[in-house]
Structure formats: structure tokens, C-alpha cells
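Have a look at the picture below before reading on.

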Amino acid sequence: MPAKKLKAVLDEYKVRYITIRHSSAYTAQEIASKAHISGKELAKTIIIKIEGKLAMAVLPASYQIDFKQLEQAFGTRKISLATEEEFKYFFPDCEVGAMPPFGNLYDMEVYVAQTLAEDETIAFNAGTHTELIQMQYADFHRMVQPQVLKFAWKTVSMPNDPSERWGMDY
């Protein structure tokens with residue numbers, strides 16, 4: 001049910017996408033594994049607070065937010081993770097923690113990690129813990145118009161994953 005709103009918007013923009021169903025999973029890395037998608041191409045949506053205002057940080061599943069880089073980009077030291085209690089009411093049509101990275105649907109700014117913006121395709125939660133949407137990054141960027149910043153660092157590397165880029169600084 002939660003994916004209906006998102007799919008309606010994608011259809012309205014005439015965007016080609018694939019729906020991927022998987023067994024319940026709650027962490028981005030677990031979702032990537034169950035859906036057989038590289039952690040580099042699975043976009044996780046993290047709700048952050050920038051000087052008290054909620055925003056979306058979107059980055060690959062196998063990466064973490066570098067708060068120092070975000071603070072430098074915004075010129076503030078008041079950036080933190082939002083709690084579920086602080087953001088769950090902004091996404092009434094989504095399961096908590098399964099928000100798609102479409103801040104424009106929820107009146108929220110979206111910041112995308114530069115490394116994710118380099119991907120040809122991305123996949124992300126479609127509002128549930130059992131369904132993903134996979135689409136071209138270019139279409140996502142056109143629809144959401146996020147600000148692309150360098151704010152993520154890699155935490156997990158899979159030596160046999162051809163999409164992982166060894167030795168690069170993100």
C-alpha cells in the first residue's frame with residue numbers, strides 16, 4: 001500500500017522502474033543482500049536535523065554519514081541524526097524506517113552523497129520493509145532535484161563485488 005503514492009508519481013513523470021519484493025529486512029545491508037543488489041547501489045534514506053530542521057541524507061547502504069563533512073558543507077555544528085519519534089509523523093504512508101528518498105513528496109530537503117550520484121541505477125525502499133523501487137539515478141535526480149554533496153565514507157567492502165571501487169576516497 002505505501003508504495004502506491006510513489007508509483008503514481010513515477011508513472012506521472014513517465015519514469016521506468018522495477019519493483020523488487022523481498023522478505024522483511026530492516027537494515028540497508030540486509031535489504032541489499034536479500035534483494036541481491038550491491039550495497040553501493042542501494043540508497044538508504046537517513047533523516048537528519050540541520051539546525052533543528054529535518055532533512056533527508058541519501059547514501060549507499062555500504063556507507064556511513066561523515067558529520068564533519070556535512071558540518072563543513074553547511075557551515076554549522078548543529079547537524080545530528082533525527083530520532084524515529086521526531087520524524088515518523090512526516091511519513092504517514094510509510095513504515096517507520098522505510099521512507100523513499102523523495103523529500104519533495106514530504107516537504108523535506110534531500111542531500112545525496114556524491115558517490116551515490118555516480119551510479120547509473122539506484123534502488124531504495126518504497127515505503128515498506130519488503131519492497132524496493134529500482135530506477136535510473138538520472139530520473140531520480142530530475143524528479144527530486146537533490147543537492148549532491150561529499151558526506152559519506154565506506155564501511156563495508158565486498159572483494160568480489162565489481163561495483164565496489166577499491167582505493168578511492170569518497
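How many helices and strands are there in the protein chain? There are 6 helices and 10 strands. Both kinds are DSSP runs numbered from the N terminus, where a helix is H or I over at least four residues and a strand is E over at least two.

## Before we start

This is a predicted model, so to speak of local features we need pLDDT of at least 70, and side-chain atom pairs count only at pLDDT 80 or more, while totals for chains, interfaces and linings use all residues. Residues are numbered from 1 along each chain as its sequence is written, and side-chain values use heavy atoms, with hydrogens and water left out.

## The whole chain

Now for contacts, meaning heavy atoms within 4.5 Å. Take those between residues at least 6 apart in sequence: 65% of them join residues at least 24 apart.

## Inside and outside

Of the 170 residues in the protein chain, 50% are buried. Buried means under 20% relative accessible area, exposed means over 50%, and partly exposed is in between (1.4 Å probe, protein chains only).

## A lysine on the inside

Is Lys40 buried or exposed? Lys40 is buried, with a relative accessible area of 1%. You'll find Lys40 in the loop between helix 2 (28-35) and strand 2 (42-50). A polar atom of the Lys40 side chain lies 2.6 Å from the backbone oxygen of Thr115.

## Two loop residues with positive phi

Lys14 is not a glycine, yet its phi is positive, near 55°. Lys14 sits in the loop between helix 1 (3-12) and strand 1 (17-21), and Lys14 is exposed, with a relative accessible area of 74%.

Glu51 also isn't a glycine, and has a positive phi of about 50°. Look for Glu51 in the loop between strand 2 and strand 3 (53-60). Glu51 is exposed, at a relative accessible area of 55%.

Definitions and conventions
Polar contact = N/O pair within 3.5 Å; in protein donor to acceptor, adjacent residues only side chain to side chain.
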